[in-house]
Amino acid sequence: MKNTLLLMLLLCCIQPLRAEDGYDLWLRYKRIDNNALLSTYRRTIAAIHIAGNSLVMDAVKKELDQGLNGLLQAHIPFTNGQPVNNTLIVGTTSTLAALKLFPKDDLQQLGTEGFRITSRTVAGKVCTVITANTDIGVLYGAFHFLRLIQTLQPVANLNITSTPRVKLRLLNHWDNLNRYVERGYAGISIWNWHTLPEYIDDRYIDYARANASIGINGTVLNNVNANATVLTAPYLHKVAALADVLRPYGIKVYLSARFSAPMEIGHLNTADPLNDTVRQWWQAKAKEIYTMIPDFGGFLVKANSEGQPGPQSYGRTHADGANMLADALSPLGGIVIWRAFVYDPEANDRFKQAYDEFTPLDGKFRKNVLVQVKNGPIDFQPREPFSPLFGAMPKTPLMMEFQLTQEYLGQGTHLVYEAPLFKEVLDADTHSKGKNSTVAKIVDGTLNDHTLSGIAGVANIGNERNWTNHPFGQANWYALGRLSWDYSLSSEQIASEWIRQTFSNDPTVVNTIRNIMLTSREAVVNYMTPLGLHHIMGNGHHYGPAPWSNKAPRPDWDPVYYHKADAKGVGFDRTASGSNALQQYQPAVRQLYADSNACSDQYLLWFHHVSWQHKMHSGRTLWNELCHKYQEGVDSVSAMQQQWRQLKKHIDPERFHQVEMLLAIQHKDAIWWRNACLLYFQTFSGMPFPAGYEQPDHTLGYYQQERFPYAPGN
Ligand code: GCW
């Protein structure tokens, strides 16, 4: 009897690893599994006092309630009166004014979104204060405070001040109105346009919470390959309903605007940006939007790119187009984000196109226009040098566009942690105003004194239960938000935070997963496109390798255009003897890349066509180095698998098994990439695989005849 009782008691105390479906993202708020810390936290937060009434403050209250009750497994009372000892006091500088906590000017530096969290004595009681100039700042502070607890940080003696470095921190959804997501690998769109505006899916609210928790403050709801229907009244009502849900979380909505909308839904016979009727149409449209959505963010525009309409169809420039929309939006407080993703099949090097088209327009855009530039000159490859536009348009605020959805990075089945990629670009020195003119300082506006600044991530979110399909896709969403808020955070720190909140604070779990994450980006570079190869993926779907492809409707959609392999060697000569794209960089940057013997391996084939016998820094020939790198990529994935397996007893079975299966796909794909690419390049190099290397198990012909007509996202 006694034994049975003991056993029952024991069973109650053991917390089994419950199946988790990933829906809660990094906001799981599970009980703190460190008892000593748990009691400390409980002691430090004995009551909560929330000052202020608004939808935002309701969200603050709800989140703290849910978060603290979950993490501390204690019901913490809300108080209204004088603070007692260990009260968490939460409010704005005005709602807390009576407590005379801070000298007035002291908080001005927090601006409209920053926050402060301090431990201090209030009316003789030891308290923790979360404050900001605005309700939204308070919400960000509340999320930060919850993150401290979730990641087991001390919450006594706090003195934290935090403000965002970048003003617009946006997601770009490439979601179509029929819910198909272009380059989406996580199901269909979360926006259920058919049931809006009446039906508000809980997911919209959880989406808002997740974004607010990492500081994302805007979302472009629809694809840049835009459908004008979203600008019609019935759809604007749906957009307004989403705006209402997102507003209490500080998230503004934006729309991708189709440039030819005046013709398609306005029945005009032109969309010429200098035509008065067209201009009036956009002005009226803007007013209509703002009557429904008073805090509407503005328009994102893809124009004269990949078949999209634009001002050039009327002999006008990108600036003419952007300014027309900017003029319609500026009296209402809206902005235009005009994309610089343009390229022309006639040009001799796609690399150069955006720079050639946009730099002459520097200084010609209205004050409420940002030009949004992809991180690299081509298209979201595993590794690209920074786009030469950064540093070349000092009079224009340039917004960064990263891609969270892994179009060229293994899509929904490969584990690739992108923070190191983002950081590599942000930290790159453009030398545009002397040394230390980093891309980050251009993007945050400080280098050229712009007040508008922004970073966008092409969303990897869909209606999959866990949002991103690959559980580790969530980390890229998380990293985008955290880095947009503060790009000085390290990839390691962001990974640790994410792991602790998403999986566990157990040091074995944190260290092992962080290792996996931090090696994953270099792994994908190595097994797909080492040494500066780029864009050699299958046409259209962009999933697997197809370096042999040479039959696309446009030469610049074909891999052979980018690698230029022949009997002499491989790589794209972008020096003075080739396309001279290097000329678009400052001399100090040019110098890094101009000499094929000095250029770092990472960028070698981006800028040079080098012989198969070329001597690499390692002492190997280029051919042997290529073999070595592809193998290294495969080996890294094996190592990732091995490390993951060690976590079996530490991770809930559902997510453990899911990641295990996905890593197996990634490993198989890495081998596929290695074999297909090396067999193909071998037809030019004519050199044998180095001794001891795994030999391909199929012929080149086998890989070439494979077809993937139903690859997702295409
Ligand atoms: O990367 C390419 C994609 C297109 C995308 C385009 C863009 C939305 O293959 O699907 O279109 O870039 O960024 O506009």
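Is Cys627 buried or exposed? I found Cys627 buried, at a relative accessible area of 1%; buried means under 20%, exposed over 50%, and partly exposed in between, with a 1.4 Å probe and protein chains only.

A note on the source: this is a predicted model, where local features need pLDDT of at least 70, side-chain atom pairs count only at pLDDT 80 or more, and totals for chains, interfaces and linings use all residues. Residues are numbered from 1 along each chain as its sequence is written, and side-chain values use heavy atoms, leaving out hydrogens and water.

Cysteines next. I counted zero disulfides, taking a disulfide as a pair of cysteine sulfur atoms within 2.5 Å. Cys627 is in none, and the nearest cysteine sulfur, that of Cys677, is 11 Å away. Cys127 is buried too, at 2% relative accessibility.

Then I turned to the ligand. I see 15 residues around the ligand, each with a heavy atom within 4 Å; Lys302 and Arg339 are among the closest. By class, this shell has eight charged residues (Asp, Glu, Lys, Arg), four nonpolar (Ala, Val, Leu, Ile, Met, Phe, Trp, Tyr, Cys, Pro) and three polar (the others, Gly among them).

I also checked distances to ligand oxygen atoms. A polar side-chain atom of Glu182 lies 2.4 Å from one. For Asp379, a side-chain N or O atom is 2.5 Å from a ligand oxygen, and Glu407 also has a side-chain N or O atom at 2.5 Å from a ligand oxygen.

How values were computed. Polar contact = N/O pair within 3.5 Å; in protein donor to acceptor, adjacent residues only side chain to side chain.
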